[in-house]
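Keep the structure open beside you as you read.

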Amino acid sequence: MRKELIWAAAASALLAGCQEASRQYADEAVDVALMEAAPPADAAASAQTAATSSAAPVVAPSIAYAYRFGLELPAEAATRLMAKHEQACTAVGPSACQVIGSNSSRVGRDSVEARLEMRATPAYVARFRAALDGEAKGVGGRVAEQAVESEDLTRQLVDTEARMRAMETLRDRLQQLLATRSGPLEQLLQVERELARVQGELDATRSALAVMRTRVQTSKLDVTYRAAGQLAPDSALRPVTDALGQAAYLFMSTLGALIMLLAGALPLLLVFAPLGWLGWRWRQKRAAQRRAAEAARKKKAEGEPSA
């Protein structure tokens, strides 16, 4: 009987530790010590010694890089160069380069814009950057924009790895508790629910850690290919062609405004034009009547004898 009471007290303390660990994990810290059932003194001393020896580990910086390039190319070369880069990425395999997405659009004959997104290893990125300027000049274009962005993920990786190790320890102790102990059904169900919660959070943490490691081990490449007619950045005729283009735009804008004005005035003309015409006809008729009456009076006055 005494043994059963001791076991019940220990189980209650363990379950209280599970609930306390759940509340503290919400604050991004899992206190696995609450789940320990009086560890031996030598084991505790060994754990403390190991923690002291690794209190200040040297962590290498974990930097995630993103590269952005903007190319100005002739219209016929924009989509062709994008297809070449996409094929080269696919050819080296997903372990070195992966195509995330690509799209292109064309307006008229000479206006083209395309975009290619990739994720690649540092070695592939270095080769891509070294060859990009020569490839652009080879098709009559140039690299008009390039930028590099970085994000330090060192602290996030260290914190996530520590959180995952703590949750793995908590999960293992919960599994051991279910496998080796027996007790009231309600307490065992509570331990199972806690185990399921910890396992779900552990899986989510592993996924987040894998994403961060992928961002560190590979870099994002964002390349934009633009074409707006025949390129002539240093041509002496560039001001003239720009002026002609602006003049044509101004002419068409004025013509469009006149068309809009006519379209807005047409319903008014359909209503007021007949009314104006009827009014004009009425005034002409009245004027004719007045002229006829005046002529009749003059004729009558001329026909009467003088006194």
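A residue is called buried when its relative accessible area is under 20%, exposed when that area is over 50%, and partly exposed in between. With that cut-off in hand, look at C97 in this predicted model: its relative accessibility is 2%, so C97 counts as buried. C89 counts as buried too, with a relative accessibility of 0%.

These two cysteines belong together. A disulfide is a covalent bond between the sulfur atoms of two cysteines. Here one joins C89 to C97, with an S to S distance of 1.9 Å. The angle about the S-S bond is -100°, and the link of C89 and C97 is left-handed. Searching the whole structure turns up one disulfide.

Now step back for a moment to see the overall plan. The protein has seven helices and five strands, and starting from the N terminus they come in the order α-α-β-α-β-β-α-β-α-α-β-α. Of its 307 residues, 23% count as buried. Among contacts with a separation of 6 or more, 78% are between residues 24 or more positions apart.

Where do the nonpolar residues gather? In soluble globular proteins, nonpolar side chains tend to be buried together. The largest nonpolar core of this protein has 24 residues, and M118, L221 and Y225 touch the most other members. Elements that each supply at least two residues of this core are β1 (63-72), α3 (75-92), β3, α4 and β5 (219-228).

Next, follow the chain onward from β3 (111-120). The loop between this strand and α4 (122-138) holds T121. Is T121 buried or exposed? Its relative accessibility is 19%, so T121 counts as buried. Beyond its neighbours within four places in sequence, T121 is in contact with S95, A96, Q217 and T218.

Two packed helices are described by the angle between their axes and the distance between the axes. For α3 and α4 the angle is about 155° and the axes are 13 Å apart, which means that α3 is roughly antiparallel to α4. The crossing of these two helices is right-handed. Where they meet, α3 contributes L81, K84, H85, A88, C89 and V92, while α4 contributes Y124, F128, L132 and E135. Notice that C89 of the disulfide is one of the residues of α3 at this meeting.

The crossing of α5 and α6 is left-handed. In helix α5 you will find M167, which counts as buried because its relative accessible area is 1%. Although M167 and L202 are 35 residues apart in sequence, their C-alpha atoms are 6.3 Å apart in space.

Note on methods
Residues numbered from 1 in each chain as written. Predicted model: local features only at pLDDT ≥ 70, side-chain atom pairs only at ≥ 80, totals over all residues. Heavy atoms only, no water. Disulfide = S-S within 2.5 Å. Buried < 20%, exposed > 50% of the residue type's maximum accessible area, 1.4 Å probe, protein only. Helix = DSSP H or I, 4+ residues; strand = E, 2+ residues; numbered from the N terminus. Contact = heavy atoms within 4.5 Å. Core = buried A, V, L, I, M, F, W, Y, C linked by side-chain atoms within 4.5 Å. Left-handed = near helix turned anticlockwise from the far one by under 90°. Axes fitted to C-alpha atoms, helices over the stretch in contact; angles between N-to-C directions. Parallel < 35°, antiparallel > 145°, perpendicular 65-115°, else oblique.
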